[in-house]
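Please read them beside the coordinates.

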Amino acid sequence: MSQNVTLAAGAAEVVVDPGNGCRLAGLRIGGVELLRQGPRYGAFPMVPWCGRIAEGRFRNGGEIHQMPVNSPPHAIHGTGRDTAWRTARADDRSAAFTYDLADPWPYSGRVTQLVELTEESLTLTMGVETYGDSFPAQAGWHPWFLRNLGVGKDVEIGFQPSWQEERGDDHLPTGQRIEPRPGPWDDCFGMPDGVDVTLTWPGALELKVTSRAEWVVVYDEQTEAVCVEPQSGPPNGLNTHPRLVTPIDPLEIATTWTWRSLGLA
């Protein structure tokens, strides 16, 4: 089993657990943990798809593939979070991790995640390459940010999406784009100029989640944590917005979390 990797820069510290889906096991700023701990914890990469696939099935050309239905009746959040990754390199402030796509995913390829920490920011970069056949894929991140940091008030979510994906009773986008509605949310939003969401813990910390990707899922229906999930396509996107990974065109996505203190030491 791969050992955890700890990066540190100034008052910031991040712990990566490559043996458990290469998730961020913790992010501490000034000694204060920002990510939920416990059974659903940290921040995990969603790959080779994000969110739900309708009934776990997707098509690539004339072939239909069935993924394990791990959130009945759908398949959810990819297989990367259930896989042990390999630490390719690590130093004090950055580290790179890889894993090779394998069953139940029907195509061969490699996924790489780069984690880079500075005193004011964390940048996560993910790439999906194919070893042969082209295939549709998505990538993104699912962080569990604590609703309350134990100092001050609950977090406030600020963003201005261009649209909201209408969500059907099956929790999948219907294909209709609607005016953004007030929360609580378990919804996908479009931000064609790039994801830009601000989390503010009044009197404690401000954290901005940005990405050149244009899709973000916001999930704030739980009492303990909120999720801001930049991703390369919408839920069920392998079927509705397929983005092919080819030998000459890998999928690449990055997100940067930038913070400033509003009272934390």
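This is a predicted model: local features need pLDDT of at least 70, side-chain atom pairs count only at pLDDT 80 or more; totals for chains, interfaces and linings use all residues.

1. G150 sits in the loop between β16 (145-146) and β17 (156-158); strands here are DSSP runs of E with at least two residues, helices are runs of H or I with at least four residues, and both are numbered from the N terminus. G150 counts as exposed, because its relative accessibility is 65% and the class requires over 50%; buried means under 20% and partly exposed lies in between, with a 1.4 Å probe and protein chains only.

2. Residues are numbered from 1 along each chain as its sequence is written, and side-chain values use heavy atoms, with hydrogens and water left out.

3. The largest pocket has a volume of about 510 Å³. A pocket is an open set of points on a 1 Å grid over the protein atoms alone, where a 1.4 Å probe fits, with protein on both sides within 12 Å along at least five of seven lines; lining residues have an atom within 4 Å of a point. Grid points are joined across faces, edges and corners, and the volume is the space filled by probe spheres set on the points. The lining has 27 residues, and R52, I76, H77, H142 and Y219 are the closest to the pocket centre. β18 (163-167), β20 (186-190) and β23 (215-219) each contribute at least two lining residues. By class, the lining of the largest pocket comprises eleven nonpolar, five polar and eleven charged residues, where nonpolar covers Ala, Val, Leu, Ile, Met, Phe, Trp, Tyr, Cys and Pro, charged covers Asp, Glu, Lys and Arg, and polar covers the others, Gly among them.

4. The second largest pocket holds about 230 Å³. Its lining includes S211, R212, A213, E214 and W215, as well as S232 and R243. Strand β26 (residues 251-261) supplies the largest share of this lining, four residues. The class counts for the second largest pocket are five nonpolar, two polar and four charged.

5. Which residues touch the most other members of the largest nonpolar core? They are V128, F145 and W257, in a core of 66 residues. Such a core is a set of buried Ala, Val, Leu, Ile, Met, Phe, Trp, Tyr and Cys residues joined through side-chain atoms within 4.5 Å. A second, separate core of seven residues includes F44, M46, C50 and W144. Nonpolar side chains tend to be buried together in soluble globular proteins.

6. Beyond four places in sequence, the contacts of F145 include L34, L35, W201, E224 and W257, with contact meaning heavy atoms within 4.5 Å. A43, in strand β5 (residues 43-46), is buried because its relative accessible area is 2%. Leaving out neighbours within four places, A43 is in contact with R23, L24, L35, H142, P143 and W257.

7. T123 belongs to strand β13 (residues 121-130) and is buried at 18% relative accessible area. The side chains of T123 and T256 make a polar contact of 3.0 Å; the term requires a pair of N or O atoms within 3.5 Å, one able to donate a hydrogen and the other to accept it within protein, and residues adjacent in sequence count only if both atoms are side-chain atoms.

8. N236 lies in the loop between β24 (225-231) and α1 (237-240) and is buried at 10% relative accessibility. Its side chain makes a polar contact of 2.8 Å with the side chain of N239. Not counting residues up to four places away, N236 touches C50, R52, I53, A54 and L172.

9. The V47 to P48 peptide bond is cis, with omega near 5°, and P48 lies in the loop between β5 and β6 (52-53). P72 and P73 are also joined by a cis peptide bond, with omega about 5°. C22, a residue other than glycine, has a positive phi near 55° and is buried at 1% relative accessibility. H171, likewise not glycine, has a positive phi near 70° and is partly exposed at 29%.
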